[in-house]
Amino acid sequence: MTRGIRPLLRGSTYTGALFACCGALASIALLPFVALLSPLWRFAPYGAQIVLDLLVWAVLIGAAGLARTTRRVLIACARRVLRVPLPDPAAVRRPAAAPDGGSAPAAPAPAPAAASGADRWRTPLWLLLHVALGWAGALVGGALIVAGLILPGNWLGAEGGLVLFGRSVRVTGGWGSWVAALGCLLLAATLCAVVTGTLRRAAPRLLGPSAAERLALAAERELRLAERNRLAQELHDSIGHTLTATTIQAAVAGEVLSADPAAARAALRSIEESARAALEDLDYVLGVLREQEAGTAPVRTLADLPELLDRLRHAGAVVEPELSGALTQVRGTLSRAAYRIVQEGLTNALRHGAGGPVAVRVAAGADVLELDVVNRTGAGAGPGAGAFPASGRGLSGLAERVRLLHGEFRAGPEGPDHWRLAVRLPVRWPA
């Protein structure tokens, strides 16, 4: 039975009317302050005194709505009782610096627009409307309910009457009293529906997000989407590369295990190192996804390229590197992104190449950092060639990474049997 009643009461018309009456009852706590100020205008006529007392009471109610805590409480109550989809008041979080390995520095969130006067007065207006409807519903609705209960059978000597355009109709008993009682109860139910409907229509306008809060909410959504995309790119770059390399290394180790145990041990050692590096990346990403205090993101820059190339050689790949310029002088986001770009290019060469040497050129100039990865295509006998399905996300992720760094990206066939990935990154970003 409880399960059947609870959905009926939750967010129902009568719950909304009760919510309005609770607001009216809460406003009684301000009446002592009105009584303290009331002697100041005792010289005025009685009617003016009533008006001044009501004005002071309204001012105090509106002033209570200026507090941020009041607004949060009202939003939570309206969301739960009235079932109005209101977001929490947005608070722009200070964006963290781009984690190591990120493709670009985190852009600062736009500052929320200053709240206008109309925005500041929306909560007091809601509070005044809430209290006014609560008192109207309680007084008028209560009178109608009492009339509906005592009119039938002329109980307690009650009489009903209606005066309209100078004509009056009185109900003193019989069926007329029952009809009048039913009419009073229907009017009370209609009043509840009107009060609840008015509150529900007014809540999004008065308690919903202001222009500043909508901007803050949009900024938070943008930051969350950017973080999700960055984490997806990190997983694709690190875990995808590691799985590709370890699969090929495991195949190589199985082939040479009997003929060349030393080479098999080297391949297994390379699998261990690759897996350990991937576990560091995975642990960091999972910590971010669980909103826990994640450790420092693994830092891999152009200085780590020799280690990456050695792991690929242990996998049986033939890599012909051409490194020129002061690579160690390339620092920060540019160096980390360049490492990921070369890593993705080599991963694609291992996945989809046709064997043969993979040419890698990294040239660090004063103004431009050039990255090139060239591998053979077509039918070949390279380890793992054609064994990995293409997802299509690698090149699009690389293009996005390069675009964020204001660079130039080109990937496609070169000649009849080669594929080339060419990237040019400015060392100094345009202002």
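Predicted model: local features only at pLDDT ≥ 70, side-chain atom pairs only at ≥ 80, totals over all residues.
**View 1. The whole chain, for orientation.** The chain contains 13 helices and 7 strands. Of its 431 residues, 39% are buried. Considering contacts between residues at least 6 apart in sequence, 73% join residues at least 24 apart. The accessible surface of the chain is about 24,400 Å², and carbon and sulfur atoms account for 64% of that area.

View 2. T333 belongs to helix α12, which covers residues 332–352. The relative accessibility of T333 is 14%, so T333 counts as buried, the limit being under 20%.

View 3. Of the 21 residues in α12, 19 are buried, so the helix is largely enclosed by the rest of the structure. At 1.5 Å a residue, α12 should span 30 Å, and the 31 Å between its end C-alpha atoms agrees with this. The helix lies across three strands, β4 (358–364), β5 (368–376) and β7. Its direction makes an angle of about 10° with β5.

**View 4. The open sheet of 5 strands.** The strand order is β3-β4-β5-β7-β6, and the pairing is mixed. At the edges are β3 (319–325) and β6, each of which pairs on one side only. From one strand to the next, the twist averages 5°. In general, strands of a sheet pair through backbone hydrogen bonds, in either a parallel or an antiparallel sense.

**View 5. The hairpin of β4 and β5.** Strands β4 and β5 form a hairpin, with 3 residues between them. The two strands run antiparallel and are joined by 6 bridges. Within this view, R361 stands opposite D372 of β5.

**View 6. The pairing of β5 with β7.** Strands β5 and β7 run antiparallel, with 9 bridges joining them. R376 has H418 of β7 as its bridge partner. V368 stands opposite P426, which is also in β7.

View 7. Strand β7 covers residues 418–426 and pairs with β6 in the antiparallel sense over 6 bridges. The bridge partner of F409 is V423 in β7, while P413 stands opposite W419 in β7. Between the two strands of this hairpin are 4 residues. In the hairpin, G415 takes a positive phi near 75°.

View 8. H406 is located in the loop that lies between α13 (393–404) and β6 (408–413). Its phi is positive, near 60°, although H406 is a residue other than glycine. With 44% relative accessibility, H406 counts as partly exposed, because this class lies between the 20% and 50% limits.

View 9. R83 is located in the loop between α5 (68–81) and α6 (117–120). R83 is not a glycine, yet its phi is positive, at about 60°. Its relative accessibility is 43%, so R83 counts as partly exposed.

**View 10. Helix α2 and its buried residues.** Helix α2 covers residues 13–26, which is 14 residues. At 1.5 Å a residue the helix should span 20 Å, and its end C-alpha atoms are 20 Å apart, which agrees. Buried residues in α2 are T15, G16, A17, F19, A20, G23 and A24.

Technical notes
Residues numbered from 1 in each chain as written. Heavy atoms only, no water. Buried < 20%, exposed > 50% of the residue type's maximum accessible area, 1.4 Å probe, protein only. Expected span 1.5 Å × (residues − 1). Contact = heavy atoms within 4.5 Å. Areas by Shrake-Rupley, 256 points an atom, 1.4 Å probe, with all protein chains shown as cover. Pairing = 2+ DSSP bridges. Axes fitted to C-alpha atoms, helices over the stretch in contact; angles between N-to-C directions.
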